[in-house]
Amino acid sequence: MALDPHQEFLVQPVDASWLQCNIECQEACPVGTNCRGYLNLAAEGRFEEGYILSREPNPVAAMCSYVCSAPCERACRRGDIDRPLAIRAMKRFLVEWHEASGIPDVMPHITPRREKVAVVGAGPAGLAVSRELAVKGYQVDVFDSLPYAGGFMLVGVPAFRLPREAIEMDVRLIERLGVRFHYNTTIGVDIPFDQLQRDYDAIALTAGAMNAIELDIPGSDLEGVQYGVDFMKRANLGEPLTVGADVVVIGGGYTAMDCSRTSLRHGAERVSIVYRRTRSELVVDDEELGETEREGVRMEFLASPIEVLGENGHVAGVKFIRNRLGAPDASGRRSPVPIEGSEFVIPAATVIPAVSQATDLTFLWVETTFEVSHGRVKVDPATYATNVRGVFACGDFVTGPTTLIEAAGHGKKAAYSIDRYLVGRADVTVSTNVKITSSWRHEMPEFYDVIPRQHIPMEQTQARMSSTDPEVNFNIPVELGYDATAAVAESTRCLMCNYNIWFDPFRCVLCGACADVCPEGVIHMVDVNQLKSEGLLPELSEAYGWENGGAMILDEERCIRCALCVKRCPFDAITMERFELQEVSSDGRLYKESYRDAQLAGTAGVAGGSR
């Protein structure tokens with residue numbers, strides 16, 4: 001590919017920050033999971049070590065292996081070539097392999113502390129807070145009004161997507177750390193909030209956002225209107241659930257998809273999801289949307305409800321109006337604008353609004369004045385501390401509805417702040433330890449560049465709802481997961497982004513042999529005066545003005561790490577450099593780690609233990 005001789009190229013110094021940002025899957029993960037590491041281990045058949053690496057930074061790894069929104073996959077650089085790695089499905093394979101193996105999880109050595117922390121809410125954020133504080137030795141009590149742990153994962157996500165056993169795996173490991181769970185306990189009713197303040201040294205509010213936001217249109221109070229969060233709670237707790245032949249679900253998130261598929265399992269014949277924006281603006285992943293449509297749910301885009309129609313006090317249908325997209329709103333997405341005269345009606349016996357959810361603040365002690373904004377408790381974004389001394393808040397309780405992995409990331413960071421508060425530590429520094437190993441030998445796995453993304457096996461559509469008993473249908477798993485052969489093949493596709501090509505300027509003679517052999521055409525020789533930098537780079541400032549000065553440039557985004565350039569260079573001027581990083585804080589926290597995948601055997605720390 002010929003380059004424009006007048007084109008300018010922005011260059012950056014190759015430092016630890018730049019190298020770590022190249023591992024985009026890990027950078028996208030809210031809990032910093034070394035996805036690349038466990039994929040590479042799985043590719044070698046080292047499944048237990050891969051499990052350890054995937055479990056360590058993630059307090060809810062088992063749940064994530066089934067229903068994580070997988071921001072790592074959206075960031076995966078393999079997606080620029082064909083399709084990203086199935087990182088979430090690979091985590092599921094490792095979790096299930098470990099569970100079936102009978103190998104015990106290695107628990108860390110914990111030095112007990114006298115301080116006590118109360119956690120209000122046993123959802124993903126609460127579980128994350130609990131685990132991190134328990135590992136530090138604190139006495140942790142978790143209170144939840146539900147009969148089991150899991151929060152919205154328990155009552156909001158259907159069992160055909162998230163088996164209850166996965167929730168139990170995560171909770172069991174946290175209980176083994178000494179955390180005590182108190183179920184069927186509502187703060188503000190069974191235990192006053194001010195009692196928690198008296199009995200505990202710190203409180204973490206992680207009660208989620210479990211209240212449905214009401215549909216503000218005429219007819220929303222008719223019989224047959226069931227809000228999504230309440231609908232899914234009844235389904236998950238095994239309570240009686242009635243749907244008619246025609247169901248209309250309003251919304252475009254995961255809850256809307258779950259409500260529609262649950263309706264089918266409870267006897268609905270025709271289910272429609274109506275979303276006010278376009279397909280490309282749905283927040284769900286392609287696999288979830290694909291399975292929803294495959295089961296027969298009809299999607300209606302660019303339409304907003306304006307009235308719920310009724311007969312004899314019961315829902316009979318919903319009147320909608322067509323939209324067009326206008327100017328971007330505060331979220332950056334184009335706002336739907338109604339088109340006058342475009343009204344239409346969809347018949348319905350049941351209407352399920354699943355637009356959004358809100359937090360419940362009624363359990364907070366009225367004598368304790370919390371700062372509240374938009375119906376949510378305000379916190380310091382750096383520390384998650386509220387304005388009430390000793391009380392912290394995180395997760396959906398603070399942000400509104402997010403994803404499982406985002407809530408867990410919030411919980412981990414809040415736990416770090418609670419720890420610093422209890423020990424009286426104000427300042428924390430993070431030391432970056434970097435190791436770079438150069439090599440003229442680098443072999444990628446055979447056929448790694450042509451292996452297609454492995455299809456994730458799914459249950460046949462007709463078998464998913466084969467019973468006349470809705471509860472049986474509700475518990476039939478849809479995704480079946482990889483076997484070992486498919487798992488190895490899928491993980492072999494990883495591009496190993498911790499390896500980077502390095503040109504030695506003292507050996508390079510600008511012969512261009514590397515550019516000739518590159519199969520992706522990502523290496524180019526350019527005039528040195530075409531290079532620009534945002535800051536001072538001595539290498540450039542010393543070279544500017546050379547009449548015949550040249551430089552080799554590499555497009556990191558498209559490089560597949562095949563190492564043909566390394567092998568072809570006649571002067572050994574090109575090496576493959578393995579980048580390894582650890583970020584350890586002065587309070588003993590391992591913030592991020594992008595290696596150890598070659599050193600894991602026999603290492604403690606599965607549940608977040610010390611190294």
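I count Phe, Tyr and Trp rings (for Trp, the six-membered one) as a pair if their centres lie within 6.5 Å; planes under 30 degrees apart are stacked, over 60 edge-to-face, the rest tilted. By this rule I get eleven aromatic pairs.

The model is predicted, so I take local features at pLDDT of at least 70 and side-chain atom pairs at pLDDT 80 or more, while totals for chains, interfaces and linings use all residues. I number residues from 1 along each chain as its sequence is written, and side-chain values use heavy atoms, without hydrogens and water.

**Aromatic pairs.** I looked up Phe47 and Phe93. Their ring centres are 4.9 Å apart and the planes stand at 85°, so I log the pair as edge-to-face. Phe47 lies in helix H4 (residues 47–55) and Phe93 in helix H7 (residues 87–101), so the pair ties together parts 46 residues apart in sequence. Helices here are DSSP runs (H or I) of at least four residues, strands (E) of at least two, numbered from the N terminus. Both Phe47 and Phe93 are buried. Buried means under 20% relative accessible area, exposed over 50%, partly exposed in between (1.4 Å probe, protein chains only).

Next I checked Phe181 and Tyr183. They are stacked, 5.8 Å centre to centre with 20° between the planes. Phe181 is buried at 13% relative accessibility; Tyr183 is partly exposed at 25%.

Phe193, Phe363, Phe370 and Phe397 form one aromatic cluster. I find Phe397 again among the residues that Thr359 touches (heavy atoms within 4.5 Å), not counting residues up to four places away in sequence. Thr359 sits in the loop between strand E15 (357–358) and strand E16 (372–373). At 11% relative accessibility, Thr359 is buried.
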